[in-house]
Amino acid sequence: MQISNIQLGKNVKVEIDSNINNIKIGDNTRIANRVKIFGSEENILEIGMNSYVGMNSLIEGFNAKLIIGDHVSIAPNVNIITGSGPNASPAMQKVFGTLRGPISIGDHTWIGGNSTIMPNVVLGKYCVVAANSFVNKSFPDYSILGGTPAKLIRTLTPSEIEILHSND
């Protein structure tokens, strides 16, 4: 395992059996057991402060920039990938190619267990991704989404948004 380009904020907790590389993590963020998080030298993966990544998750920012905001909650078994395709088969790549692109996850977003976030996705602030969702397109602030592929279920109501911002 190569360990390089790691910038940790204050009070960051990474479980001993997790792997991180080419990453910048903000203060008070926690990484659970058996998590793999990595960027590349060209694309340092960023996770904001006060965020959490659940067990058995894979967060891959090798192929393009991946930014996860502050106060983001990522449940167990989540895959966030900036590259996807038949990378072991040059023949299949001629037909299907490899999808690569950046991902941005806004502050206070909650990603449910067993979900997958694909390349070229932007999730706004205060989004909720239902468990077992396949997210292959972007959604604006205050969206609740779910399904395979993910669709907008509803947006937060004005009173819910008011509650979210009541302590600001």
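Author: Let's start with R154, which counts as partly exposed because its relative accessibility is 35%. Keep in mind that this is a predicted model. The side chain of R154 meets that of E160 in a salt bridge, with 2.9 Å from N to O. And E160? That residue comes out as partly exposed too, at 26% relative accessibility.

Why would two such side chains pair up at all? Opposite charges can do so when the charged atoms come close.

How many salt bridges does the structure hold? There are 2 of them. Besides the R154 pair, E46 forms one with K65, and here the closest N and O atoms are 2.8 Å apart. This pair ties together distant parts of the chain, 19 residues apart. E46 sits in strand β7 (residues 45-47), while K65 lies in the loop between β9 (58-60) and β10 (66-68).

For contrast, have a peek at S57, in the loop between β8 (52-53) and β9. S57 has a relative accessible area of 2%, and buried means under 20%, so S57 counts as buried. Its side chain reaches the backbone oxygen of G54 at 3.0 Å. Leaving out residues up to four places away in sequence, S57 touches R34, V35, K36, I74, A75, P76, N77 and V78.

Conventions. Residues numbered from 1 in each chain as written. Predicted model: local features only at pLDDT ≥ 70, side-chain atom pairs only at ≥ 80, totals over all residues. Heavy atoms only, no water. Salt bridge = Lys/Arg side-chain N within 4 Å of Asp/Glu carboxyl O. Helix = DSSP H or I, 4+ residues; strand = E, 2+ residues; numbered from the N terminus. Buried < 20%, exposed > 50% of the residue type's maximum accessible area, 1.4 Å probe, protein only. Polar contact = N/O pair within 3.5 Å; in protein donor to acceptor, adjacent residues only side chain to side chain. Contact = heavy atoms within 4.5 Å.
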